[in-house]
Each structure stands twice: as C-alpha cells, then as structure tokens.
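I opened my notebook to go through this structure step by step, from the whole chain down to one residue. Here is what I am working from.

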Amino acid sequence: MSDSLDLTLRGQAAAIAAGELDPVELLEATLARIGERNPALNAVVETFPERSREMLAAAPRGPLYGVPIVIKDEWPLPWRAQRFGAAEMLAPAEPGESAPYKALRDAGAVIVGVGNMHELGASSTGNISVYGAAHNPWKLDRCPGGSSSGPASAVAGRLVAGAVGADGVGSIRYPAAYCGLTGLKPTFGRSAMAGHHMAEISTTIVSGALCADAGDCRALDSVLFGEELAAGEPRRLRIGVLGGELREDVAPGVREACEAAIEDLRRETGGEVQEVEFPELAAATLATVLIANSESLGGITPKRLNDLDPELSPLGRGLLKYRVLVPAIATIKAGRVRTMARRTLAQLFEEFDVLASPTVPAVAPPLEAPVVELPSGHLTADEANVRAGALANLTGIPAVSVPVGSSEGLPVGLQLQAAWGRDELLLDAAEAIERANGRRWVEATPPALDAEPLEA
Amino acid sequence: MDAPEHSDDFIPAALAAYGIEADEIELAVIRAAHQTLWPPVLELLDLDTSAVPLERDPDLSQAPPSR
C-alpha cells in the first residue's frame, strides 16, 4: 500500500477508477501514514477518521473519487470551524460547507485532515502557529513556508498527494517553493472562495492547490475552479524575466537554478527570453501589504485589540495593533498603485506570455530565525519574499511556483506569472519545464523520508 | 524624517490616541514593523498618482479596460 501513497494525485485517482486501488484501503493507509510521519512534520493539525470514512462512503464517482486531500485551516468544514492558525481570529468562524469543501466533496475526494498554517496567515515562513510550527520535510529545522505551511509540508512529506491552500500575499507559492512543490495562485475570482471568513471583503485571497507537479495541480485546481483546466503545449513562448532586485538580489544557488529553468522553458517551447523592468514593483509590493492588512480591520475596535487572546503570539498581537496606525491616505494611494500596476501589466502581457522570477530569493531559512542572506545583506524572509510574491495578489493575475532545482539541499522555486485568466498557460509552461528537466525536481524526494519514523 | 527618529514619540502617542494598550514586547514588535514599513510608506505618499485613472471596484479577474 505504501506505493499507492507515493503515487501522484492523478495516479491515485486513475488507479481507483480502474479498480486497481481500493479507496478504503488508501484512506486507511493515508491515516496510518499521517500517524507515522506527522509527529515530526506537524503538517496536519487534526484528523477525523470517522468523518473521512463517511465522506468516502457517500462520495460520488467524480474525478477525484477516493483521493485523500488535506485542506488548510483557513476553510470551514461542516464539522469544524477554521482557526486560521491562531488562538483568536478577527472574524467570527463557524463550521460550515465552504466552497472548497463542497467542490472536493462533489468531486468524490476525501478530506483526511486540516493543514497547519502561519498564525492569521501573516507570514511567508510558517514558523508561528497556535498548533506549533509545521516543519519542512527537506530539513526539519527549516521553515515550510507560509502561510499554507501545513498543506505544503503534508504533500512534500507524502502524507497526501494534494492539498488545498489559500494565497493572499504569496501564501501558496512561498511554501510551494520552500518544499519543492508546484503551487498555483489562480486568477482572482476563478477558484472556490465562498465560506472563507474574508470572502466578501478580500481583494487578494484565492484558494488553490499545492501538489507535486503541474498535472496534479491541474486536476485539483479544475475541481476548485469548477471547470476543466485544459492542457496545451505552449509554442514560441515569449518569456519576460523580471529584472532589478528580483534578478540581482537573489542567493547565487537560487539564481543559477532559476536561470537554467528559464533556459529550459525557452528551449522546450522554442521561445524567446528578454529582461523586463517593472518600474512600480516596490510601490506595488507595499500597496499589496497595505491593502491586504487593512481589509481585515473592518470589525476591529480598540477594545478588541486590548482584549486579544494572550495565547496569540506577541508578534501577531503587535502587528495587529500596528496595522491600525497606518494612515488611511497610504491605503488610498495603494489603490492608485494597484491601478497603475494593472495597467503596466496589461501592456507587458501584450509583449510577453509569462513573466519569470525566482519565487523566493533564498531557500527555506531556519524555523528559529527566518532570516535570509542575499547579495544586499541579511533580510527577514518576509521582507525578501514579498518582493516577488505580492504583485499577483495586488493585480489579480495568476502565478505558479515550479520546483526547478536545489541549493544547500533545499528546493528552489521559479515563479511564472501570466495575464488574467491564463492559469492554464502557467500549468502548460510548468509541464514544459518538467519535460525539459526529465521531471527531476517534481519527483525528488526529501531524504528525511527515507528514515522511518521521521525524527524531529 | 525616517522611522527611527520619530517612532519613539509617534508610536506611544498614536496608540494612546486610539486608546490601544501595548505591553513592552508588543511595543518592540510595533517599533520594528514601523521601522521597516514607514520609509516606503513615506515614499508612497510622495508618489504622484494624480494622473492615474480612477477605478471604482476594479474587476480583478480581468485586465483593466483599455483607456
């Protein structure tokens, strides 16, 4: 049974559909593997075996019939309210049928657990959570990335073949890059969002898949999108490589791997590569942070901030209070920057099919001190990561992180961004990179998984 | 004026004006966040956006309408 646990998500689905794999046995084996490996990873914060068995018993013969999935602690389930990785949320949370839950249920998938996440979704590292940090399966003392830390750790640790995360400021792509996975941040509004506690007010957050490869993301995201994401073969791809600090202020090993992958993509598609500048990038990055941070404040009062749960981390409490101090004019200006950035991108996408950059400028930093060393010096991982991660959330465009190499024994991710609605093209391009490198990086396995049980 | 020069005054004063309490650790976090965020905020405020077309509730699922 362990072989079936290591299949791709679509491999599991196909084997079940062909009658070669018993979904009941797969579910029980998955729960057993979570029991074995999760103590070291802390990727899954809750399982509910009876609920999962009931879900399988009632599952329709959909495209993901019988496939075990982990869902981030950002989505309510009928039997469990989300906790957002925190001792206290700013918004009310109740159990319910969130849209991702319904999409998975209707596709026949089986939710086997809830994935850990960074507290309040507020960091790219995943090193703070009410449940304790999730760990990176590649090196257990390293950050798994955030805020979808648990979904990434669960898939990279081969607890499950697919997980549902959410991306408000890079929160699918950072952990995908840190854990060696493929993660798609869909075009705003294309994937299932209803039931999220910010669904009615957020202009940055989307749901999306984290999987080993682009084919699995295509399968799981098709379910979340409610439409088939058709595969194609990109030809003569016009690749823009984002310059400036996104190209220059990058750790050498990351830069080398990303440049090799861009060349792979160019060669595989018979395309062309050109460096491109995005003059408003710094302002766009700040605008994203200001907008994302302010959208959660509508229900806040000073009294509420004074009465925050003491179990919330000091960092979380301090940052919540600081958000209130940012002047309104800055957020209004951020809206103008959003308009500027969207117009600049619209022009760029007339010249380029995809824009490429490292997803993050350095590999996963230590959980104890998430600081990265770049040519410009030491930066917190959050300061460094947001540079490439924010633009897609600000403007609504899709973006994907693709595993393309290794540095210091840790995965490297390449980010590709495309015009609105061209999510399929990003998956096609990711698959072109996989073909070019012989699927080397999507099939790479964390060495720690060879040790049973994993030792934290 | 950069953040380190004025944050010792600004932060306690602003928190007090809102009636928000903060312990020493929270204050340290707030100061650190302010030192990181404030300089780019000032740059943003200096940015001339008067020529940027106004957009009400932009549809983020699509490209912006052409001018």
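My entries below go from overall shape to the sheet, the domains, the chain contact and a single leucine.

**Overall shape**

I noted before anything else that this is a predicted model. I looked up the secondary structure of chain A and found 16 helices and 13 strands. Next I checked the radius of gyration of chain A: it is 20 Å, close to the 23 Å that the globule rule gives for 456 residues, so chain A is as compact as a globular protein of that length. Along the principal axes, the C-alpha atoms of chain A fill a box of roughly 60 × 55 × 40 Å. I also asked how much of chain A is buried, and the share is 61% of the 456 residues. Of the contacts in chain A with a separation of 6 or more, 77% are between residues 24 or more positions apart.

**The sheet**

What is the strand order in the open sheet of chain A? I read it as β1-β3-β2-β4-β6-β5-β12-β13-β9-β7-β8, which makes 11 strands with mixed pairing. Which strands stand at the edges? They are β1 (44-46) and β8 (272-276) of chain A; each has a single partner strand, so one side of each is left without a neighbour in the sheet. I wrote down the twist as well, which averages 35° from one strand to the next.

I then picked out one pair of strands. In chain A, β12 (residues 399-407) runs antiparallel to β13 (residues 410-417), and the two pair over 8 bridges. Within this pair I found S407(A) opposite L410(A) in β13(A).

Two helices that pack on the sheet went into my notes. Helix α3 (residues 23-41) of chain A touches β1, β2 (68-72) and β3 (110-115), and its direction makes about 15° with that of β3(A). Helix α16 (residues 423-436) of chain A touches β5 (182-185), β9 (354-358), β12 and β13, with about 20° between its direction and that of β12(A).

**Two domains**

I looked up how chain A is divided: domain 1 covers 2-232 + 445-450, and domain 2 covers 238-424. The C-alpha centres of these two domains of chain A lie 22 Å apart. Their contact takes 50 residues from domain 1 and 49 residues from domain 2 of chain A. On the domain 1 side, the elements that give two or more residues are α7 (173-179) and β5 of chain A. The largest share of that side, 6 residues, comes from α7(A). By class, I have 25 nonpolar, 16 polar and 9 charged residues on the domain 1 side.

**Chain A against chain B**

How many residues does each chain bring to the contact? I found 34 residues from chain A and 29 residues from chain B. On the chain A side, α11 (281-295), α12 (302-306), α13 (314-325) and α14 (328-351) are the elements that give two or more residues. I sorted the residues of this side into 19 nonpolar, 7 polar and 8 charged.

**One leucine**

Last, I went to L21(A), which lies in the loop between α2 (9-17) and α3 of chain A. Is L21(A) buried or exposed? It has 22 C-beta neighbours inside 10 Å, so L21(A) counts as buried. Leaving out residues up to four places away in sequence, I listed S4(A), Q12(A), A15(A), I16(A) and L26(A) as the residues that L21(A) touches. S4(A) is 17 residues from L21(A) along the chain, and their C-alpha atoms are separated by 7.8 Å.

How values were computed: Residues numbered from 1 in each chain as written. Chains lettered and ligands numbered in written order. Predicted model: local features only at pLDDT ≥ 70, side-chain atom pairs only at ≥ 80, totals over all residues. Pairing = 2+ DSSP bridges. Helix = DSSP H or I, 4+ residues; strand = E, 2+ residues; numbered from the N terminus. Axes fitted to C-alpha atoms, helices over the stretch in contact; angles between N-to-C directions. Contact = placed C-beta atoms within 7 Å. Nonpolar A, V, L, I, M, F, W, Y, C, P; charged D, E, K, R; others polar. Domains from an automatic or database assignment. Buried ≥ 20, exposed ≤ 12 C-beta atoms within 10 Å, placed from the backbone. Rg over C-alpha atoms; globule rule 2.2 N^0.38 Å.
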